[in-house]
Structures are given as structure tokens and as C-alpha cells.
Amino acid sequence: MKTILSLIALVLLGLSADNTLAQHWRQYQHDGGHRGQSNVSINPPALAPVWSATGFIEPRILGDTLYARKRESLSTRVAAFSLADGQEKWSTLGDGVYFGNLAVAKDFLILEGFNYNGGSSDVFVVLDAATGQERYRIDLPLEFSFSEPNLVKEPGGFVAYCTDGGTLAAVQVGKDAATILWTQTGDIGLSEATIVGDSVITFGAGGTGSAFVRTSGAKSVFFNGGPSLMSAPASANSRRGDFYVKLDYNTERVTRVRAFHYNSNESIELLWTRVTPFNQSGGMVAIGSDGNLYAVGSGEIAIIDPNDGSTIKSIPFPFANGSTPALTGNVLWVYSDKDTYAYDSSSLDLLATFPGSPGFNFGFDSVGAFVPGTAALNFKDRIQVYRENP
């Protein structure tokens with residue numbers, strides 16, 4: 001009996017740990033599948049500003065710490081702040097890491113960007129999460145990467161998947177050294193790679209959808225839809241085994257959201273295609289807890305049925321750019337050129353408006369990072385942290 005109770009306790013502890021980890025927002029669009037969704041509870045009308053970090057962008061949250069970055073001359077500064085009050089815990093300069101991008105694990109941070117100090121390759125820097133001290137750095141076989149590294153917990157430890165448009169590199173991250181496990185080239189695209197099943201998925205601006213085995217890098221081209229305005233990340237629903245991509249076609253003046261079903265790296269099926277007029281560029285799809293898709297573009301915010309691509313509900317959103325949405329519980333977060341909005345994710349009723357936004361960058365900036373009762377919104381000149389009834 002005692003053994004059974006112990007096993008139940010371990011299972012419950014594991015579930016609790018999983019739920020706690022799921023509440024962190026430690027990389028672009030929350031997780032390796034880029035769902036842009038967390039089930040944490042936030043009441044937007046009750047939010048009030050509590051602190052801000054001027055010049056910093058793209059917040060990441062792990063536990064009680066907010067991590068962020070900002071450009072500083074030809075380098076990138078990374079800082080850790082107390083999520084409670086904004087007190088700076090540490091700040092460090094990623095020397096020579098131009099346009100550095102950030103992802104966070106429990107014990108370390110990844111900073112990846114142009115190597116301005118020499119050579120033509122990008123640089124991959126590992127920082128200690130507790131102190132900000134640089135542990136080590138290596139050169140990557142990439143050039144001018146604008147993409148966030150996708151940091152994923154694999155059986156052998158954390159692996160970062162990094163892209164630059166023509167190359168995808170898988171980097172095993174250790175305590176004292178990193179190893180490049182494999183690289184592949186092709187129409188990779190400048191957007192983030194997405195984890196789907198046993199594969200890494202990319203979509204290039206040339207129209208190619210490619211799948212790479214996570215362990216070996218073995219490549220399979222599963223789709224070619226013709227040149228799009230730009231590449232875009234996919235969003236994956238692991239429960240359904242489906243993933244989705246939103247691409248803009250400037251020549252045809254249409255936007256297409258496509259759904260694919262993943263069987264294996266060598267077997268990926270196109271399920272449906274949703275076509276709308278193209279008048280807002282950029283942005284990707286987010287996935288709600290019920291599996292419904294959320295997209296901004298074509299002059300609207302739309303809830304899309306994952307079964308056939310039909311529109312469940314939409315409202316006008318007549319701004320000049322696309323937007324990458326995010327979801328928390330029953331709240332949908334989107335941004336325009338100037339403001340950030342919180343909507344009820346079912347009715348699309350407006351709940352609150354926040355003055356500030358990432359601005360216009362083809363709609364691939366993040367809205368922010370979210371944990372229970374707290375929204376760290378990503379504005380173009382600062383991170384603004386809001387809390388319920390502070």
C-alpha cells in the first residue's frame with residue numbers, strides 16, 4: 001500500500017512539475033512547437049503597470065526572473081530582472097554579438113547572432129542563467145541569422161536549432177562546451193524552425209517546406225508552394241499531429257494558411273488550404289487550448305477551424321501590418337502598429353487596450369511573455385510589465 005501511495009505521489013509531483021514548466025515563457029512563442037499559448041490565468045482589465053525596462057525587448061520568463069536583450073552599439077546586452085519589482089539581478093554584454101537573439105533554459109541562456117568581431121559566421125554564446133557570466137562561445141556555420149534559436153530538451157540534453165535562411169544547424173548545448181550535431185542547407189528560410197514529432201520543420205521564402213530528423217538531420221522536402229513574400233514559422237499541435245503555416249504571396253495578392261498532418265519525417269500530408277486577400281504582411285498562426293487557430297491578416301482577426309480551415313468567427317482589424325498572436329487561458333493578445341489588445345478568445349470581444357506595441361517588423365515580433373496574473377508586453381522601446389491589482 002505504501003508503495004502504491006508513493007507511486008501516486010511521484011506521478012502527481014511529475015504532473016505538477018509539468019504544469020509549472022508549462023507556465024514559463026522562455027522562448028519565442030512559448031515552446032518548441034511555437035503554439036503561442038499558455039493556459040495561465042490573466043484578467044486583462046485588472047492589469048496595471050508595475051515596472052518597465054527601457055531599451056530591452058523580447059522578454060523571456062523562467063520562475064521569478066525575466067530575461068531580455070537590447071542592442072548596444074555593435075553588441076547585444078542581456079539582463080535578468082526580478083519579475084516582482086524589476087530590480088536588475090545582473091547585466092552582461094554579449095561582446096560582438098550583433099542582433100543577438102535569446103532563448104532560456106533552467107541553468108543557461110543562449111545568445112545567438114552576427115559575429116561582429118571577425119569572420120563571416122554567426123556566434124553562439126552560452127551564459128550562466130544565475131550570474132550572466134559567459135561560459136563559452138563557438139562559431140556557427142550560419143551568416144546573418146535574424147531568427148530566434150529554438151531551444152528544445154532532447155534525451156541527451158538541450159539542443160538549439162538555429163537558422164539563417166540557407167542553413168539549419170543543430171547544436172548540442174553542454175555545461176562547458178557545445179557541439180554542432182549536424183547541419184543542412186536549402187530553402188530553409190529566415191524564420192524560426194519548429195519542432196513537430198521527431199522532426200524539425202522549416203518553410204523557406206522559395207516555397208519549400210522541409211522536414212529534418214531531429215537526431216540526424218536527414219532531410220525530406222514535403223511541399224513546394226511557390227515563392228512567398230517571406231518565410232514564416234509553423235505552429236504545431238502535438239495532440240492532433242498537425243501543423244500550420246501562414247504565408248503571403250505578393251504576386252498573387254493572396255494569403256494562404258495551410259494545414260499539414262505529420263506521420264513521420266518522410267510522410268507529411270497537406271490537409272487543407274485557406275485563401276484570403278493579401279493586404280497585411282507577416283505574422284504567424286497561434287493555437288488555442290481547444291485546438292482552434294488564430295490568425296491576424298486580410299483586415300481581420302480570425303478564429304479558424306483546424307479541421308477544414310473555415311472561419312469560425314472574425315472581426316475587423318484594419319491595420320497596416322500583420323501580427324503574431326498569443327493566447328493565455330481565454331484571452332487572445334494581438335498588436336497593431338501602435339497598441340496591444342486583449343480580446344476574449346471565444347467571442348472576440350475587446351477586453352483591454354494597452355498603449356504600445358512592438359511596431360512593424362513583418363508581424364513576427366512576439367506580443368510578450370505571460371505567467372499567472374502577469375503580462376510582460378513587448379514594446380519597441382521597452383518591456384512593460386503589468387500585474388493584476390498590484
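Reader: In this predicted model, which residue of β13 is the bridge partner of A160?

Author: The model is a predicted one, and the pairing in question belongs to strand β12, residues 157-163, which runs antiparallel to strand β13, residues 165-173. Five bridges join these two strands. For A160, the bridge partner in β13 is V171.

Reader: What is the order of the strands in the open sheet of four strands, and which of them stand at the edges?

Author: The four strands of this open sheet are paired in antiparallel fashion, in the order β11-β12-β13-β14. Two of these strands have a single partner strand each, so one side of each is left without a neighbour in the sheet. The strands at the edges are therefore β11 and β14.

Reader: How many residues apart in sequence are the parts that the salt bridge between R69 and E148 ties together?

Author: R69 and E148 form a salt bridge in which the closest N and O atoms are 2.9 Å apart. R69 belongs to strand β4, residues 65-72, whereas E148 belongs to the loop between β10 (134-140) and β11 (150-154), so the pair ties together parts whose separation in sequence is 79 residues.

Reader: Are R69 and E148 buried or exposed, and what are their relative accessible areas?

Author: A residue counts as buried when its relative accessible area is under 20%. R69 has a value of 10% and is therefore buried. E148 is buried as well, with a relative accessible area of 6%.

Reader: Why does R256 count as buried while E252 is partly exposed?

Author: The limit for a buried residue is a relative accessible area under 20%, and partly exposed residues lie between that value and 50%. E252 has a relative accessible area of 44% and is therefore partly exposed. R256 counts as buried because its relative accessibility is 15%.

Reader: In the salt bridge of K246 with D248, how far apart are the closest N and O atoms?

Author: Both partners count as buried, K246 at 5% relative accessibility and D248 at 4%. The salt bridge they form has its closest N and O atoms at a separation of 3.9 Å.

Reader: Which residues make the nonpolar surface patch of about 320 Å²?

Author: One member, L190, lies in the loop between β14 (178-189) and β15 (194-196). At 42% relative accessibility, L190 counts as partly exposed. The patch of about 320 Å² is made by F144, F146 and L190.

Definitions and conventions: Residues are numbered from 1 along each chain as its sequence is written. This is a predicted model: local features need pLDDT of at least 70, side-chain atom pairs count only at pLDDT 80 or more; totals for chains, interfaces and linings use all residues. Side-chain values use heavy atoms; hydrogens and water are left out. Patches are made of residues with over 30% relative accessible area and no salt bridge: like charges are joined within 9 Å, nonpolar side chains (Val, Leu, Ile, Met, Phe, Trp, Tyr) within 5 Å. Accessible areas come from the Shrake-Rupley method with a 1.4 Å probe; for residues, only the protein chains shown count as cover. A salt bridge is a side-chain nitrogen of Lys or Arg within 4 Å of a carboxyl oxygen of Asp or Glu. Buried means under 20% relative accessible area, exposed over 50%, partly exposed in between (1.4 Å probe, protein chains only). Two strands pair if DSSP finds at least two bridges between them.
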